[in-house]
Amino acid sequence: MLKSMAQYRIQPLTLTLGHLYPDQLNLYGDRGNILTLRRRCQLRGIELRVVGLGVGDALAPDEYDMLFIGGGQDKEQAPVAQDLYEMKGIGLWAAIEDDMPVLAVCGGFQLLAHYYRPAEGPDMRGLGVFDAWTEHKGSQVARCIGNIALRWNGQTLVGFENHGGRTYLGTAKPLGTVLKGHGNNAEDQTEGAIYRNAYGTYLHGSLLPKNPHFADYLIELALQRKYGYQADTEPQLLNGNRTSTTSENGSTVLELQKTNLSPLLTPLEDSLEWEAHASILERLGLYSEAAAVLRTHKR
């Protein structure tokens, strides 16, 4: 007996994001990064599952497709640093070496470098993912506070920074070059760090709502890694190039072959996001960059 088309469905795309220390490292609205990733996936029919990983929880890399770790005050970072090294270090290293996309903001960025030396107290040992280190020079040295813009992959990233520590890169490649603002240390115009698909940065704000291109870049990396195709495409069914399985409710699930995937991360209506992005550039006096953004992403 032939089944109706209602009994068929395309196997949905799903991603799982591990949110490290959501209760301890949660300053400056960084949870907005999670909300942005979820919403941009949802609008494209991609399910993003978010799993919190707190102190004492192990990190099994096979269970996740993306990871996020935010920032906190020094008193919150100390117990997190120990747990990160002892409980999650091996799993996190394995995930990063397997090219899992990771976004680490502020304190999370510091803890993925070699060490963080606070103004008072002992050093906090990091994982050494980034060949970098951070030193807080004390209350007599002004904090790095304010809006910031940097050049990344020929485009701009904007955000808000607020950190007392100064981060210095060894062989690590910076995320971008500071156009206006402080960056890693207010000395060398570097901002953030990159290792494989792990990205460290001081950009709060939250970062991703005002930088939709970077949010989509992280989603694309996760889709490429999980499904093995360029994620700027949408799935299509081609005769003779599909498989099917029967689900528990009796419907037939059409499973797309990797070679059948053509453009997926379709453009979204991001005019408000780009207006917010351009507004930060204008506040920093980067008028030509702001005008270029508005021309490129006008309604």
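Two cavities of 30 Å³ or more sit inside this structure. Keep in mind that this is a predicted model.

Start with the largest cavity. Its volume is about 50 Å³. What lines it? Leu 17, Leu 37, Met 66, Leu 67, Phe 68, Pro 101, Val 102, Leu 103 and Leu 218 do. By class, that lining has 9 nonpolar residues, no polar ones and no charged ones. Which strand gives the largest share of this lining? Strand S4 does, with 3 residues. S4 and S5 each supply at least two lining residues.

Now the second largest cavity. Here the space is about 30 Å³. The lining is made by His 19, Pro 22, Leu 25, Asn 26, Asp 30, Arg 31 and Phe 68. By class, that gives 3 nonpolar, 2 polar and 2 charged residues. Note Phe 68: it lines the largest cavity, and it lines the second largest cavity too.

On to helix H1, residues 31-42.

Which residues of H1 are buried? Gly 32, Asn 33, Ile 34, Thr 36, Leu 37, Arg 40 and Cys 41. Leu 37 is one we have met already, in the lining of the largest cavity.

And what covers those buried residues? The cover includes four strands: S2 at 13-20, S3 at 46-53, S4 at 66-69 and S5 at 102-105. Helix H4, at 212-227, is also part of that cover.

Notes: Residues numbered from 1 in each chain as written. Predicted model: local features only at pLDDT ≥ 70, side-chain atom pairs only at ≥ 80, totals over all residues. Heavy atoms only, no water. Expected span 1.5 Å × (residues − 1). Buried < 20%, exposed > 50% of the residue type's maximum accessible area, 1.4 Å probe, protein only. Contact = heavy atoms within 4.5 Å. 1 Å grid on protein atoms, 1.4 Å probe; cavity = no way out; pocket = protein on both sides within 12 Å on 5 of 7 lines; lining within 4 Å. Points joined across faces, edges and corners; volume = space filled by probe spheres on them. Nonpolar A, V, L, I, M, F, W, Y, C, P; charged D, E, K, R; others polar.
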